[in-house]
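Visitor: I have the entry open and would like to talk it through with you. Could we start with the sheet and work outwards from there?

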Protein chains: 2
Amino acid sequence: MDREEGEAFQDRYPEDVAHCYGCGRLNPHGHHVKTRWEGEETVTRFTPEPHYTAIPGYVYGGLIASLVDCHGTGTAAAVAARAEGPGAGGRDRPGELPRFVTASLHVDYLRPTPLGPELEVRGRATEVTARKVVVEARVLANGQVTARGVVVAVRMPEGMTAR
Amino acid sequence: MDREEGEAFQDRYPEDVAHCYGCGRLNPHGHHVKTRWEGEETVTRFTPEPHYTAIPGYVYGGLIASLVDCHGTGTAAAVAARAEGPGAGGRDRPGELPRFVTASLHVDYLRPTPLGPELEVRGRATEVTARKVVVEARVLANGQVTARGVVVAVRMPEGMTAR
């Protein structure tokens with residue numbers, strides 16, 4: 001298992017942009033979404049707590065949107081880093097990933113997602129340019145696809161942090 | 001101010017479907033999103049807690065998606081009830097609303113949403129059929145539109161609750 005397979009993308013964000021409620025390792029209140037390579041796909045696994053309910057028995061759609069979102073920006077970062085090679089993009093430390101933000105998010109809820117089992121978000125980049133990565137993802141519960149998502153992720157604008 | 005103007009849509013959902021993490025009055029952990037009529041538009045106001053951060057200083061996109069989502073299903077319920085008139089749709093109590101669920105959610109993040117001020121989600125139904133309501137919404141911070149969303153809401157399938 002190489003470095004990419006093992007360490008979550010979100011754990012490789014620079015410290016000053018690692019506070020996202022969905023996936024930032026430095027946000028003590030957040031979901032701590034973690035996405036990793038599995039072959040050519042990226043995978044996020046997450047087990048919602050019981051209070052993340054929609055209609056009783058099913059997962060809250062806003063949480064599903066959040067998982068797709070952070071899966072998408074994380075995948076975009078990993079794909080961009082792979083395309084550019086080590087040290088590209090002004091990153092400071094070995095393995096550090098560029099930070100992407102969400103330009104648009106689309107989720108189709110195909111069927112209710114049962115609340116209880118671990119969820120899996122699986123995806124891949126379908127379009128990659130210097131500035132933008134499009135990620136398509138599907139959400140599975142008990143091996144069945146319950147939702148599909150598309151994230152258009154763009155490189156974080158320079159002005160967004162004090163870096 | 002008539003009943004519709006005053007009471008939040010989400011507070012008029014039947015008890016067995018009022019547990020949504022985003023907007024259910026019976027979910028003690030949730031956001032308790034509240035949507036009301038203001039003239040021909042529906043409005044949700046929400047001030048995110050400081051930990052709902054994306055990049056520091058800005059609101060987490062997953063929370064914005066959640067606000068748009070619950071604003072959309074709430075608006076769909078209110079619009080359907082208005083179209084059908086009192087007592088239609090098998091509702092048990094006066095003022096009770098039919099429950100809609102999300103078939104699809106789309107959010108365009110136009111610019112970073114500042115974390116701190118109260119957010120406003122304003123929207124209206126753009127398509128209404130017996131089964132489906134399409135709601136278009138915009139998210140404002142300090143009076144500036146930061147995101148736009150579209151929710152396709154459909155009547156909750158019969159089989160989703162034990163009712």
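Guide: Gladly, with the reminder that this is a predicted model. The sheet is an open one of 12 strands with antiparallel pairing, in the order β1(A)-β2(A)-β4(A)-β5(A)-β6(A)-β3(A)-β3(B)-β6(B)-β5(B)-β4(B)-β2(B)-β1(B).

Visitor: Which strands stand at the edges?

Guide: Those are β1 (35-38) of chain A and β1 (35-38) of chain B, and each has a single partner strand, so one side of each is left without a neighbour in the sheet. From one strand to the next, the twist averages 25°.

Visitor: What about its overall dimensions? What is the radius of gyration of chain A?

Guide: Chain A has a radius of gyration of 15 Å, which agrees with the value near 15 Å that a compact globule of 163 residues would have. Along the principal axes, its C-alpha atoms fill a box of roughly 45 × 30 × 30 Å. Of the 163 residues, 56% count as buried, and among contacts between residues at least 6 apart in sequence, 63% join residues at least 24 apart.

Visitor: Back to the strands, then. How many bridges join β2 to β4 in chain A?

Guide: Strand β2 (residues 41-46) and strand β4 (residues 119-128) of chain A run antiparallel and are joined by 5 bridges. Within that pairing, A:T42 has A:G123 in β4(A) as its bridge partner, while A:R45 stands opposite A:E120.

Visitor: What is the bridge partner of A:E120 in β5(A)?

Guide: There the bridge partner of A:E120 is A:L140. β4(A) and β5(A) pair in the antiparallel sense over 9 bridges, and the two strands form a hairpin with 3 residues between them.

Visitor: Which residues make up the covered face of β1(B)?

Guide: The covered face of β1(B) holds B:T35 and B:W37, whereas the uncovered one holds B:R36 and B:E38.

Visitor: Switching to the helices: what does α2(B) lie across?

Guide: α2(B) lies across β3 of chain A together with β1, β2 (41-46), β3, β4 (119-128), β5 (132-141) and β6 (144-155) of chain B, and runs at about 135° to β3(B). Helix α2 (residues 61-84) of chain A likewise runs at about 135° to β3(A), and the strands it lies across include β3 (100-109) of chain B.

Visitor: How many residues of α2(B) are buried?

Guide: The helix is mostly covered, with 21 of its 24 residues buried. At 1.5 Å a residue, helix α2 (residues 61-84) of chain B should span 34 Å, and its end C-alpha atoms are 34 Å apart, which agrees. B:G85, which follows α2(B), has a positive phi, near 85°.

Visitor: One last topic, the histidines. Is A:H31 buried or exposed?

Guide: A:H31, found in the loop between α1 (3-6) and β1 of chain A, has a relative accessible area of 13%, so it counts as buried. Not counting residues up to four places away in sequence, A:H31 touches A:Y21, A:G22, A:F46, A:Y52, A:L63 and B:Y60.

Visitor: And what is B:H51 in contact with?

Guide: Leaving aside its neighbours within four places in sequence, B:H51 is in contact with A:Y21, A:N27 and A:H29. B:H51 is found in the loop between β2 and α2 of chain B and is buried, with a relative accessible area of 17%.

Note on methods: Residues are numbered from 1 along each chain as its sequence is written. Chains are lettered from A and ligands numbered from 1 in the order in which they are written. This is a predicted model: local features need pLDDT of at least 70, side-chain atom pairs count only at pLDDT 80 or more; totals for chains, interfaces and linings use all residues. Side-chain values use heavy atoms; hydrogens and water are left out. Helices (H or I, at least four residues) and strands (E, at least two) are DSSP runs, numbered from the N terminus. The expected span of a helix is 1.5 Å times one less than its number of residues. Buried means under 20% relative accessible area, exposed over 50%, partly exposed in between (1.4 Å probe, protein chains only). Two strands pair if DSSP finds at least two bridges between them. Axes are lines fitted to C-alpha atoms, for helices over the stretch in contact, and angles run from 0 to 180 degrees between N-to-C directions. Contact means heavy atoms within 4.5 Å. The radius of gyration is taken over C-alpha atoms; the globule rule is 2.2 Å times the number of residues to the power 0.38.
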